[in-house]
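This report describes selected local features of one structure. Please consult the sequence and the model shown here while reading.

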Amino acid sequence: MPREITAFSNPLIKSVRDLRDKRHRREQRRFLAEGLRILTEAREAGRLPVLLFFAAASAMHPLVRTLIAEVERAGGDAVQTTPDILSKLSGKDNPQAVVGVFEEFATTLDDLDRHTSGIWLVAERLRDPGNLGTILRTGDAVGAGGLILIGDCVDPFSVEAVRASMGALFTVPVVHAEWASFLTWLRTGPGQLVGLSLDTDHDYRGVRYQAPTFLLTGNEAQGMPEGYAAGCDLLVKIPMLGKADSLNAAVATAVMAYEVLAQQRG
């Protein structure tokens, strides 16, 4: 049966609240996810929170009841609490009905099977959690095999990135790697590395992509380093017909991913 916590001073509440900070996430190897939709996506992907917080008013919702039952069946802890405490945990004035604490899950390059998908997403020094979450959602939408983060990228387990992913963090594998390690792994098997760049004459719709296609998006502010561009099999650009000189990184990734998907579907 769920237990009840109504005191802000409860040490468990403080410990969970601390997960909003990267240092504490690393120490505890846990992260926060909020909202019934995201937690349901996680459950359907086979991942359950080790701690589930919910308000009394939401306990009658059938999906919340299912979550409570499955968390407890798996040995986790379901905790009924107040809307004010849920707000403290989520950092939002209008908290979601449920907040979950998940164990971090790590994936490596060696865990990936490039034959499972014709599209893979690669992001270099991605700094904005909203962009990361949106790219994960794009990856889920196009059936990408995974997202490979190169270099010093934003933490995919931050509250903002998890929220922006709308559950895709649980359905799209995420790998951290350095550029040299990624290139070594990539060249051990099939895979066309396609970089998004303004320094090319190749229009993104004027070339044919080879599966599996690895789409490389550079840093939001600085773009792709020359050395990275030199390591690509192909550089393509998205035409800019207005005054803007480039698209948002997540938008550009989505445009490219759907072009690749359209070609692969014939």
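R125 is situated in the loop that joins strand 6 (119-124) to helix 6 (129-142); helices (H or I, at least four residues) and strands (E, at least two) are DSSP runs, numbered from the N terminus. The model is predicted: local features need pLDDT of at least 70, side-chain atom pairs count only at pLDDT 80 or more, and totals for chains, interfaces and linings use all residues. Residues are numbered from 1 along each chain as its sequence is written, and side-chain values use heavy atoms, with hydrogens and water left out.

Most residues other than glycine have a negative phi, and most peptide bonds are trans. R125, however, has a positive phi near 50°. Its relative accessibility is 23%, so R125 counts as partly exposed (buried means under 20% relative accessible area, exposed over 50%, partly exposed in between, with a 1.4 Å probe and protein chains only).

R29 also has a positive phi, about 55°, although it is not a glycine. This residue lies in the loop between helix 2 (22-28) and strand 2 (30-34). R29 counts as partly exposed because its relative accessibility is 45%.

## A cis peptide bond

The peptide bond leading from A211 to P212 is cis, and its omega is near -5°. P212 belongs to the loop between strand 9 (192-196) and strand 10 (213-217).

## Packing of helix 3 and helix 4

Two packed helices are described by the angle between their axes and the distance between the axes. For helix 3 (residues 36-44) and helix 4 (residues 62-73), the axes come within 11 Å and cross at roughly 45°. Axes are lines fitted to C-alpha atoms, for helices over the stretch in contact, and angles run from 0 to 180 degrees between N-to-C directions. Helix 3 is therefore oblique to helix 4 (under 35 degrees is roughly parallel, over 145 roughly antiparallel, 65 to 115 roughly perpendicular and the rest oblique).

Which residues meet in the contact of helix 3 with helix 4? From helix 3, L36, L39, T40 and R43 meet L63, V64, T66, L67 and E70 of helix 4, where contact means heavy atoms within 4.5 Å. These residues divide into 5 nonpolar, 2 polar and 2 charged (Ala, Val, Leu, Ile, Met, Phe, Trp, Tyr, Cys and Pro count as nonpolar, Asp, Glu, Lys and Arg as charged, and the others, Gly among them, as polar).

## Surroundings of V159

V159 is placed in helix 7 (residues 159-165). With a relative accessibility of 3%, V159 counts as buried. Leaving aside neighbours within four places in sequence, V159 is in contact with R20, R25, L32 and E34.
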